[in-house]
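Biologist: Hi! Could you walk me through this one, starting with whatever you have open on your screen?

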There are 4 protein chains.
Amino acid sequence: MTELLRVGFVGCGSHATMSIMPSLRFAPIELISVCDLDTERAEYAARVFGAKRIEPSYQSLVEKDDIDAVFVVGPSKMHTKVAIAAMQAGKHVFSEKPPGENLEAALEMQKVSRDTGRYCMIAFMKRFGTTYKKAKELMSEEFFGRPSQIMARYAHWHQNTLRDHLIYMSVHLIDLARFFMGDYVRLSAEKNVLDGQHSFSISARFASGAVGSIISSTQQPRVQERVEISGERALIVVDNIVNLEVHRSGCNGIDPGFKLSDIQIYRPDFSIPCPDQNSLWFQGYAGEIINFSEAILAGHAPSVTIDDGVAAMRVVDWLERGAEGALELESAGDNS
Amino acid sequence: MTELLRVGFVGCGSHATMSIMPSLRFAPIELISVCDLDTERAEYAARVFGAKRIEPSYQSLVEKDDIDAVFVVGPSKMHTKVAIAAMQAGKHVFSEKPPGENLEAALEMQKVSRDTGRYCMIAFMKRFGTTYKKAKELMSEEFFGRPSQIMARYAHWHQNTLRDHLIYMSVHLIDLARFFMGDYVRLSAEKNVLDGQHSFSISARFASGAVGSIISSTQQPRVQERVEISGERALIVVDNIVNLEVHRSGCNGIDPGFKLSDIQIYRPDFSIPCPDQNSLWFQGYAGEIINFSEAILAGHAPSVTIDDGVAAMRVVDWLERGAEGALELESAGDNS
Amino acid sequence: MTELLRVGFVGCGSHATMSIMPSLRFAPIELISVCDLDTERAEYAARVFGAKRIEPSYQSLVEKDDIDAVFVVGPSKMHTKVAIAAMQAGKHVFSEKPPGENLEAALEMQKVSRDTGRYCMIAFMKRFGTTYKKAKELMSEEFFGRPSQIMARYAHWHQNTLRDHLIYMSVHLIDLARFFMGDYVRLSAEKNVLDGQHSFSISARFASGAVGSIISSTQQPRVQERVEISGERALIVVDNIVNLEVHRSGCNGIDPGFKLSDIQIYRPDFSIPCPDQNSLWFQGYAGEIINFSEAILAGHAPSVTIDDGVAAMRVVDWLERGAEGALELESAGDNS
Amino acid sequence: MTELLRVGFVGCGSHATMSIMPSLRFAPIELISVCDLDTERAEYAARVFGAKRIEPSYQSLVEKDDIDAVFVVGPSKMHTKVAIAAMQAGKHVFSEKPPGENLEAALEMQKVSRDTGRYCMIAFMKRFGTTYKKAKELMSEEFFGRPSQIMARYAHWHQNTLRDHLIYMSVHLIDLARFFMGDYVRLSAEKNVLDGQHSFSISARFASGAVGSIISSTQQPRVQERVEISGERALIVVDNIVNLEVHRSGCNGIDPGFKLSDIQIYRPDFSIPCPDQNSLWFQGYAGEIINFSEAILAGHAPSVTIDDGVAAMRVVDWLERGAEGALELESAGDNS
């Protein structure tokens, strides 16, 4: 029988029960304990996800010896508090993003992780989504060539505060562009504010020499997510997470005939309830949890850690403070 | 606290654990017991979905007094066998489709349901999918007018036998067209067979006077599902389950100006892990289970029963026997 | 210098001046003369398309020795009248569809063509559209396998009469399905009529053994055109004329990984004003006129003739007379 | 009878004969004369577009008294030379873009236009395309609110030189963003160069306070054009010129039900050869020529002039010189 990672789970709110807990079953994980300030939420979670017990507090949860790792999913401040307590109690941590309410909190989590030698994964699940993962793989193929440019847009409904906008929403975008293109070395931004809602048009330069446009806004209806990545000989587009297009060079658009291979697309056949069509998979939740649990069981770091969280929060911090002038990130160190 | 329907679940295979069991949590249901011939599957299901106990056999499961209803998800013959045993033991039944391996089996299930007064829901989940449900609602709005025509296509990869093709796959299509357009009164078909794979091009007449083309095939790559419904003044298209288009009359395509309202579309914003974007919801699994559990708790029939299963299997039966000549279904009775 | 086909053009209405005359310039054609009952239309056409003279009547136009061929674009009866006069005057004919107002007229045109040895092309331009032509070529490639099934839908706004519906609109659809799949051998139809508007759901069997669903309706908003062609190992879809999708077998939709080559698509890059993006090309007007003029200059028949017109009108005739029972077309002869 | 603008046309190359000359027929224009260094091209143009005579040189063409306006379509230097000669000869000018090979040339054309009082329209045809025109109209409607942000991307195949990239291709993009958002006040850019091909990620601030990302590249396959415009309460997307989407606020993506009006789309029904489906219309050629000819006949300026050409070339000039630092355009004057 497969060895299972024994997990305690702090926070049984809607996000935890809609996306994170349902994904545990795809990973080598046994859910030992749950806790939530709202007892009914904890009872619901324990009942439908088969937790063995309900803990009265996160403090008691993290202390127990029969768990190897702690998941924390809640408001930003809770992530910091629980993650630190869990690492200090010797547990590895899977923390929902953001890694704290600001850069300082993220740096504190990073310090505790380094001091205790416990891993603290930050749940940038988009990196594990079916199409984003595939896009990243395609970028290393011969046909793509060297990366040259990215356009990444994550725009959506109004947020109460600029901080909410940045730490709960934009942080995804900032991490995602970095996932594809590598470390930032310079960012500059133009900002529009109308009735307290912000739109940022950000120009980016990456360490590789590639460039990009990063678009973050709370002035668009619903949620609008789109990434376009160019290389020397191809363009990869991921729209609305599930639609992947690969455009290859070869046809200049002028020849009367066309090459059928010009655009290759992938989209799920939603008719069939298999992983590719399952939202927990294409949104990345299954993948991130599998990555975390397998890494911990194997004794190495998961592929996304608090270092990536700090890198993203550094940009968040600059945007929150007004984004005046360029943000120069001269060394790799600044990106984490 | 909400009253919960106490459920025993027979069959812990991949479909059960990928789609049906994960949807139980959206409904007022308590999972009491599970059973499967493969003990490991039963243990996995019990662990991750929180079942209180594992039963050694379906016979013992259906007899217990602490359950109100039985779910059965497995091969076609098992549906009949377990459903009948459960109804005879006084339990209501939620049966995965098909309702048995052939028309006779479905009729037998129907008879037991009538004799015992127990409900036997057949899990035609597509009726409960977000866009199909919305399409059905739109058909009753003024702008749509009387329904005139449907094109329903469900085509996919090779199947081992014509029977598998029909009872596991086409049965969805046959029920779906009937869901939108009402009872069939006449069907005629042209059939192509290549290397044992069948394509049917079926013309249908419905009791309402509307007509339709029903396309079922095992000669297309992957899974291809599409429905187009016309009324006097509008066209509704549902493609790949998640994409809904509403075309309204008013513009003849010749006027140089255009009316922006011409096409309205709905597609999930997959960026956000909410019900509309969750595959368990848009594929209909959550909806069918909510419908079943609420109906049973309220003491009335669920909205899809073994009568609908029989109606669909009547068409399956005709197709399996060669589809020669027209299938005349002169009365409503023939449709169930 | 290239030899030019000398052309007289009868009918300077909106269709002639919007689509046919503007396409002459892509072909080895010299426009010698035009005529129209409305003198202003003739003058406009002569001015903007460089015709050398305006003829007072079609009778005088067809008689002149300095033309090799006559184009006729107008109402259905005019096509018959002018085409016959032109052939009897020794000229080859390019006739807009329909080939007359009914089957009898088409047969009369066919007889004159045979008697005089003059070619009479019927302008089924869709056969020459960029994507339809490409789809036809793809059907003969190894990956496609033997054709098994077609769905062809051409549905649109209201028409004044069933005849208008059939001869001006559906005739395209009937020819297009035959272009892809070959001769029909059996057709049967279900028909819905609401407020004088008709919807036909037609099942077809082709001489090759392939089958199909043909959907013709005047109860849909605007114009809705879509063709889906299946072979043993692939599906080709052409939607809205310009969007071509090729789905190949190989992936069953269940494997967690996906093959990027699964769907290949072609769509014009409309940003560039080149043939592929030019409506005269992708709608087929340029191609049909090039086909006609090159064939006549080379002394052989164009690829679509009055025989194809007769084949389509035979189906039109059956539909107009009520489409009761099946239309059996036992020999190739019945298709022309 | 309508009064016609009498036109002489300089340059009979492929762009002139594919897009510009064929659009003359939609406008109140009479084509009097053509000229080209290649006599065969001039003869072809005269024959198929009905020009009354072929002139031996542009100098003789612009001098004739029987023309009111001169069209010039050719390489960049020719635009400047012919436009200036024509204005000095008292003729109004319709010049293909770019307005000369660099900013100096554009300024010279502007000076001559001011000195002679002759209008010099620059053919930024995208402003007149069906969907872009509609998008602009929608921006002034109540539902849109104040404009906040634009993403405009025009990326395509390799170009021989940075200058060709900028003056023949990017100039469209620079003008288009300004058409939608108004005058620029600041631009800053990140630039990637691989094998002589450039990608620019430009951040823009507009006089209105709105911001934007402008993406210009010669490292993408074929031609990729897309514009996304946000306002306070809506998002308008124009993709591949012909696809217009309007997303309105109101739904946050979280409510389980959806409002069908969420996304409205327009796309041509290409089945029908009417203006909306005609590439000369949706690409903007018909519209720009109608605008020019009607303005000149009415005695006022066309809606796009050499002032707009200068504004675009000012940005081109900055990009060509390296785009170091920000380009500050403090007054409206700098934008023209």
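Predicted model: local features only at pLDDT ≥ 70, side-chain atom pairs only at ≥ 80, totals over all residues.

Biologist: Good to know. How many salt bridges does the rule find across the interface of chain C and chain B?

Modeller: There are 8 salt bridges across that interface. Between chain C and chain B there are also 27 residue pairs in polar contact, counting pairs with both residues at pLDDT 80 or more.

Biologist: Which elements of chain C supply at least two residues to the side that touches chain B?

Modeller: It's a run of strands: β7 (147–156), β8 (184–194), β9 (197–206), β10 (211–217), β11 (223–231), β12 (234–239) and β13 (243–248) of chain C. β9(C) gives the most, with 7 residues.

Biologist: And what's the make-up of that side by class?

Modeller: The side of chain C that touches chain B has 22 polar, 16 nonpolar and 14 charged residues.

Biologist: How much area is buried between chain C and chain B?

Modeller: About 3900 Å², with carbon and sulfur atoms giving 47% of it. In chain C, the residues that lose the most area to chain B are Gln149(C), Glu190(C) and Arg222(C), together 17% of what that side buries. In terms of contacts, 52 residues of chain C touch 52 residues of chain B.

Biologist: Let's switch to the other contact. What does chain D bury with chain C?

Modeller: Chain D and chain C bury about 3300 Å² between them, 49% of it on carbon and sulfur atoms. Here 41 residues of chain D are in contact with 41 residues of chain C.

Biologist: How many salt bridges are there across the interface of chain D and chain C?

Modeller: The rule finds 2 there. A salt bridge also joins the side chains of Arg222(D) and Asp269(C), at 2.9 Å from N to O. As for polar contacts, the count between chain D and chain C is 23 residue pairs, both at pLDDT 80 or more.

Biologist: Which elements does chain D bring to that side?

Modeller: Those that give two or more residues are α1 (14–20), β2 (29–35), α2 (39–49), β11 (223–231) and α8 (279–282) of chain D. By class, the side of chain D that touches chain C has 23 nonpolar, 10 polar and 8 charged residues.

Biologist: Now the fold itself. What's the strand order of the open sheet in chain C?

Modeller: The sheet has 6 strands in the order β3-β2-β1-β4-β5-β6 (chain C), with parallel pairing. At the edges stand β3 (53–54) and β6 (120–122) of chain C, and each has a single partner strand, so one side of each is left without a neighbour in the sheet.

Biologist: How many bridges pair β4 and β5 of chain C?

Modeller: β4 (residues 69–72) and β5 (residues 92–95) of chain C pair in the parallel sense over 4 bridges. Within that, Val72(C) has Ser95(C) in β5(C) as its bridge partner.

Biologist: What packs on that sheet?

Modeller: Helix α9 (residues 285–298) of chain C does, touching β1 (5–10), β2 (29–35), β4, β5 and β6 of chain C. The direction of α9 makes about 175° with that of β5(C).

Biologist: And what order does the open sheet of chain D have?

Modeller: In chain D the 6 strands are ordered β3-β2-β1-β4-β5-β6, with parallel pairing. Its edge strands, β3 (53–54) and β6 (120–122) of chain D, each pair on one side only. Further in, 6 bridges join β1 (residues 5–10) of chain D to β2(D), and the two run parallel. Gly8(D) stands opposite Ser33(D) in β2(D).

Note on methods. Residues numbered from 1 in each chain as written. Chains lettered and ligands numbered in written order. Heavy atoms only, no water. Pairing = 2+ DSSP bridges. Contact = heavy atoms within 4.5 Å. Axes fitted to C-alpha atoms, helices over the stretch in contact; angles between N-to-C directions. Buried area = accessible area lost by both parts, 1.4 Å probe. Salt bridge = Lys/Arg side-chain N within 4 Å of Asp/Glu carboxyl O. Polar contact = N/O pair within 3.5 Å; in protein donor to acceptor, adjacent residues only side chain to side chain. Nonpolar A, V, L, I, M, F, W, Y, C, P; charged D, E, K, R; others polar.
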